Amino acid sequence: PPFGQYIASIDPVSEGKTTTSESLCSIYVYKTATQVQRTTEQGDIENFIEGDKIVAAWCGRFDDINETHKRLRLIIQWYNAWTLVENNISLFIMYMIKERKQQYLVPKNQMLFLKEAQANKTVYQEYGWKNTGTLFKTHLLSYLIEWLKEVVDEDIEDDGTIAKKHYGIRRVPDKMALVEMEAYRPGVNVDRLVSLAALIA
């Protein structure tokens with residue numbers, strides 16, 4: 001796919017097999033709205049905009065952290081996705097640099113949500129964003145909530161009245177993300193929501 005059509009977001013892990021952490025690695029891949037051409041049954045060419053949506057999700061980790069990193073890299077390369085990485089743990093960023101794949105990583109200065117929140121000014125890493133203070137809870141989460149509540153389609157009756165509204169939440173194919181949303185409380189480990197909220201922001 002052309003570079004920029006897909007955006008990914010990762011909440012990485014710091015280790016492989018462990019008994020001391022419940023954290024999982026999480027990645028989402030988002031397809032931006034795209035103009036599509038198709039031929040109708042009558043042979044006419046029709047242009048339309050295919051809406052944005054989440055096209056891939058993976059959450060987990062292998063006993064060997066290098067296998068986890070490899071899985072993330074393969075997903076990124078498959079979609080040719082420009083990728084945001086939470087850099088509280090920089091091991092995945094270092095892995096990508098070692099593999100000479102850093103062109104897939106979004107530099108910190110390209111993340112508009114950091115500029116808007118005036119966050120990470122004293123973080124001296126080139127790639128990724130640092131989940132410090134209340135950045136996730138007070139800033140990123142609000143972007144995700146608004147994206148989920150956005151009206152993305154409507155069923156219209158013949159007389160023009162709206163029969164049904166379809167909301168942005170239908171763009172999330174990962175049911176476990178919905179489970180995390182339902183269970184969210186401050187202090188609860190929500191790896192999927194961290195990567196998803198950063199992606200939407």
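**Note on salt bridges and charged surface**

1. The count of salt bridges comes to eight, a salt bridge being a side-chain nitrogen of Lys or Arg within 4 Å of a carboxyl oxygen of Asp or Glu. The model is predicted: local features need pLDDT of at least 70, side-chain atom pairs count only at pLDDT 80 or more, and totals for chains, interfaces and linings use all residues. Residues are numbered from 1 along each chain as its sequence is written, and side-chain values use heavy atoms, with hydrogens and water left out.

2. One of these salt bridges joins the side chains of Glu50 and Lys31, at 2.9 Å from N to O. The pair links distant parts of the chain, 19 residues apart: Glu50 belongs to strand S4 (residues 45-50) and Lys31 to strand S2 (residues 25-31). Helices (H or I, at least four residues) and strands (E, at least two) are DSSP runs, numbered from the N terminus. Glu50 is partly exposed at 23% relative accessibility, whereas Lys31 is buried at 13%. Here buried means under 20% relative accessible area, exposed over 50%, and partly exposed in between (1.4 Å probe, protein chains only).

3. Arg38 and Glu46 also meet through their side chains in a salt bridge, again with 2.9 Å from N to O. Arg38 is partly exposed, with 45% relative accessibility, and Glu46 is partly exposed as well, with 31%.

4. A further salt bridge connects Glu180 and Arg192, whose closest N and O atoms are 3.1 Å apart. Glu180 lies in helix H5 (residues 175-183) and Arg192 in helix H6 (residues 191-200), so the bridge ties together parts that are twelve residues apart in sequence. Both residues, Glu180 and Arg192, are buried. Elsewhere, salt bridges that share partners join Asp52, Glu150 and Arg171 into one network.

5. Asp153, Glu154, Asp155, Glu157, Asp158 and Asp159 form a negative surface patch. Residues of such a patch have over 30% relative accessible area and no salt bridge, and like charges are joined within 9 Å. Glu157 sits in the loop between strand S7 (151-156) and strand S8 (162-167). Its relative accessible area is 42%, so Glu157 is partly exposed.

6. Ile49 lies in strand S4 and is exposed, with a relative accessible area of 57%. Where residues up to four places away in sequence are not counted, Ile49 touches Ala33, Thr34 and Gln35, contact meaning heavy atoms within 4.5 Å. Ile49 and Gln35 are 14 residues apart along the chain, and their C-alpha atoms are separated by 4.5 Å.

Terms used
Patches are made of residues with over 30% relative accessible area and no salt bridge: like charges are joined within 9 Å, nonpolar side chains (Val, Leu, Ile, Met, Phe, Trp, Tyr) within 5 Å. Accessible areas come from the Shrake-Rupley method with a 1.4 Å probe; for residues, only the protein chains shown count as cover. Lys and Arg count as positive and Asp and Glu as negative; His and the chain ends are not counted. The place of a charge is taken as NZ of Lys, CZ of Arg, CG of Asp or CD of Glu.
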